[in-house]
Amino acid sequence: MAFWKTWLEKKKVLIADGGWGTELQKRGLPPGESPEAWNISRPEEVRSVALSYVEAGAEIILTNTFGGSPLKLAKVKLEGRVGEINRRGAEISKQAAADRALVFASIGPSGEFMAPLGTVSEGEMRGGFGEQAKALAEGGADGIVVETMMDLAEAKTALQAAKRTTSLPVAVTMTFNHGPKGFATLMGARPEQVAVALEKAGADIVGANCGAGIDQMIDLMKLLRSATLLPLWCKPNAGLPELVDGKTVYRETPEMMASKLKALVQAGANIVGGCCGTTPAHVRAFVRERNLLLG
Ligand SMILES: [Zn+2]
């Protein structure tokens, strides 16, 4: 299996997978239940999500380990099973990918604030992310993606923990909102500042995921690109979630999102996938569009 850089050189733009949470919900995951617990209790359902993205043509798929840090798993009383849950998550995606896709294992926010804002020390945070990253590497992941981060300090801690405990490439993507002063994370960090800080902290890839849809992602890629030459990874949501008749609906269709791929690439994106509300159909449309644009 070629390393991600070789793949990126060959394809110019790599297509990553789409949403996992929304796909697991379609398979019966009840709201409020830990998706990661399914790596142990319902591995076939988890495998079918991974496989659906590989079959859609994604060159990079993630893992069902977004909430697999000890602090996050403690909220569902599973902190004693961090190793097993993350190892299995990586193994399931690797099995589904076979030689067709690379597996970047997902690490999401801990759900806690770091001191002095919160009660968790930096050391505890680093230890937890390190334990998760180590298990993901043991499960065979080709890389790690620290994603949906809203606090730059936590993102850097997770990045450094993954770098210390594994030899894998690490991508870090943060979530930005657009306010009156432009784009910023929930904690107030601007995209350019994030790109510089994460590059300095050793990230191999930086980017943005989640958020308000693909148009904002184009603007975000321009801002990140103005501050770094690292490969940029983006996973936009299929628009903002809307509540219709008690159900969460995402409005951006595969065709609509794929029609913006060219603009995303021109803005600087190198890896394009989807976040909440995107499906295998979105990934298939991205692949088709990429092949049309780049041959
Ligand atoms: Zn999302």
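## The largest cavity

β8 and α10 (214-225) each supply at least two residues of the lining of the largest cavity. Helices (H or I, at least four residues) and strands (E, at least two) are DSSP runs, numbered from the N terminus. This is a predicted model, in which local features need pLDDT of at least 70 and side-chain atom pairs count only at pLDDT 80 or more, while totals for chains, interfaces and linings use all residues. Residues are numbered from 1 along each chain as its sequence is written, and side-chain values use heavy atoms, with hydrogens and water left out.

The cavity holds about 40 Å³ of space, and the count comes to one cavity of 30 Å³ or more. On a 1 Å grid over the protein atoms alone, a cavity is a set of points where a 1.4 Å probe fits but cannot get out; a pocket is an open set with protein on both sides within 12 Å along at least five of seven lines; lining residues have an atom within 4 Å of a point. Grid points are joined across faces, edges and corners, and a volume is the space filled by probe spheres set on the points.

The lining of the largest cavity is made up of F176, A208, N209, C210, G211, A212, G213, Q216, M217 and L220. By class, six of these residues are nonpolar, four are polar and none is charged. Ala, Val, Leu, Ile, Met, Phe, Trp, Tyr, Cys and Pro count as nonpolar, Asp, Glu, Lys and Arg as charged, and the others, Gly among them, as polar.

## The zinc site

C210, one of the residues that line the cavity, also coordinates the zinc ion through its SG atom. Donors are N, O and S atoms within 2.8 Å of the metal (3.2 Å for Na, K and Ca); water is not among the atoms, so sites may look incomplete. The donor residues follow the spacing C-x26-N-x37-C-C in sequence. C210 in strand β8 (residues 205-210) and C276 in the loop between β12 (271-272) and α13 (280-294) are 66 residues apart, and the pair links distant parts of the chain.

C210 is buried, with a relative accessible area of 15%, and C275 is buried too, at 11%. C276, at 26%, is partly exposed. Buried means under 20% relative accessible area, exposed over 50%, and partly exposed in between (1.4 Å probe, protein chains only). The structure holds zero disulfides, a disulfide being a pair of cysteine sulfur atoms within 2.5 Å.

The largest pocket has a volume of about 760 Å³. Of its 35 lining residues, the closest to the centre are W20, G21, P35, E36 and F66. Two or more lining residues come from each of α2 (21-26), α5 (70-74), β4 (143-149) and β8. α2 gives the largest share, four residues. The lining has 14 nonpolar, 15 polar and six charged residues.

About 160 Å³ is the volume of the second largest pocket. T22, Q25, K247, T248, V249 and Y250 line this pocket. Two or more of its lining residues come from each of α2 and β11 (247-249), and β11 gives the most, with three residues. The lining of the second largest pocket divides into two nonpolar, three polar and one charged.
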